[in-house]
Amino acid sequence: MSAARLASLIRERQPCVVLTGAGISTESGIPDFRSPAGIWAEVDPFEVASIDAFRRDPERVWDFYRKRIHTLLAAEPNSAHVTLAALEQAGLVEAVVTQNIDRLHTRAGSREVVEVHGSIRSALCPKCGREETVEGVLAQLDIRPAPLCEACGAILKPGVVLFGELLPAAAIDRATELARSAELMLVVGSSLEVWPIAGLPLEAGSLAIVNVGPTALDKRAVLKIDGSAGETLAAVAAAL
Ligand code: APR
């Protein structure tokens with residue numbers, strides 16, 4: 001019933017833009033952050049994923065991201081990622097804005113993916129701006145606790161937005177433009193706890209949510225489906 005209702009909303013309220021969070025990748029074996037068994041239940045984000053932590057103890061931050069990069073590279077897109085790519089192909093999803101750094105939307109075939117929190121694709125030199133590939137970073141991490149810039153020798157920073165950092169301007173501008181033009185923003189797998197992205201759905205004409213458990217914007221949604229991303233999106237696609 002609710003999948004059929006969401007299918008109608010997607011068909012009637014075009015353009016539809018999708019905003020995803022860690023919950024869409026749990027079915028690929030990647031833990032999310034704020035579920036009871038989430039990453040932040042195990043480790044303090046301000047110790048391993050903030051710009052202050054990086055300045056204070058870059059090797060501790062790289063120990064966290066080295067493990068995270070290996071986990072994300074070993075994961076495969078799941079049916080939810082594949083369904084969103086198919087809906088884009090069918091002209092029913094204009095773009096995916098993702099908070100995830102795992103690259104699984106792109107690997108599933110989505111063409112317009114706006115990575116508002118960066119990605120594991122690269123690392124950047126905070127001193128001279130040089131970019132290093134994830135392969136180059138992992139090769140260095142095999143022999144040292146933190147990768148160094150080959151141009152100036154500074155310690156590289158993971159290519160993701162750390163707590164306390166500004167979001168990449170081009171990505172946030174594009175995400176905002178997409179949200180403002182959307183008749184429907186569909187949120188999949190996010191608690192909508194982290195600003196400014198948590199405010200993005202409020203820029204769209206209307207909001208629908210597919211999420212296991214509550215989100216901060218449930219009351220603003222025209223439809224909330226409390227269910228798993230893979231199963232729900234498959235039912236929606238079947239009803240379209
Ligand atoms: N299907 C649908 N929802 C799911 C699934 C699933 N298979 N698995 C988990 N969820 C839900 C969880 O219940 C939770 O409400 O997805 C939500 C994920 O929320 P968070 O863990 O807070 O992840 P997210 O919203 O992406 O966090 C935003 O916070 O720590 C930062 O940078 C990090 O990008 C991240 C940001």
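Arg103 sits in the loop between strand S2 and helix H7, where helices (H or I, at least four residues) and strands (E, at least two) are DSSP runs numbered from the N terminus. Although Arg103 is not a glycine, its phi is positive, about 70°. With a relative accessible area of 21%, Arg103 is partly exposed; buried means under 20%, exposed over 50% and partly exposed in between (1.4 Å probe, protein chains only). The model is a predicted one, so to speak of local features takes a pLDDT of at least 70 and side-chain atom pairs count only at pLDDT 80 or more, while totals for chains, interfaces and linings use all residues. Residues are numbered from 1 along each chain as its sequence is written, and side-chain values use heavy atoms, with hydrogens and water left out.

The loop between S2 and H7 also holds Gln99, which counts as buried at 13% relative accessibility. Leaving aside neighbours within four places in sequence, Gln99 is in contact (heavy atoms within 4.5 Å) with Leu19, Thr20, Gly21, Val116, His117, Ser190 and Ile197.

Another positive phi in a residue other than glycine turns up at Leu192, near 55°. Leu192 belongs to the loop between S7 and S8 and is buried, at 3% relative accessible area. Pro196 is placed in the loop between S7 and S8 too, and a cis peptide bond with omega about 5° joins it to Trp195. A cis bond also links Gln14 and Pro15, with omega about 0°; Pro15 lies in the loop between H1 and S1.

Now for the helices. Two packed helices are described by the angle between their axes and the distance between the axes. Axes here are lines fitted to C-alpha atoms, for helices over the stretch in contact, and angles run from 0 to 180 degrees between N-to-C directions. Helix H6 (residues 79-89) and helix H10 (residues 229-239) pack at about 30°, their axes 8 Å apart. That makes H6 roughly parallel to H10, as angles under 35 degrees count as roughly parallel, over 145 as roughly antiparallel, 65 to 115 as roughly perpendicular and the rest as oblique. On the H6 side the contact is made by Ser79, Ala80, Thr83 and Leu84, and on the H10 side by Ala229, Gly230, Leu233 and Ala237. These residues divide into five nonpolar, three polar and no charged; Ala, Val, Leu, Ile, Met, Phe, Trp, Tyr, Cys and Pro count as nonpolar, Asp, Glu, Lys and Arg as charged, and the others, Gly among them, as polar.

The axes of H1 (residues 2-12) and H10 come within 8 Å and cross at roughly 60°, and H1 and H10 are therefore oblique to each other. Ala3, Ala4, Leu6, Ala7 and Ile10 of H1 meet Thr232, Ala235, Val236 and Ala239 of H10, a set with eight nonpolar, one polar and no charged residues.

The buried residues of H10 are Ala229, Gly230, Thr232, Leu233 and Val236; they pack against H1, H6 and strands S7, S8 and S9. After H6 comes Gly91, with a positive phi near 80°.

Finally, Ser122 lies in strand S4 (residues 118-124) and counts as buried at 12% relative accessibility. Its side chain makes a polar contact (N or O atoms within 3.5 Å; within protein, one must be able to donate a hydrogen and the other to accept it, and residues adjacent in sequence count only if both atoms are side-chain atoms) with the side chain of Glu131, at 3.2 Å.
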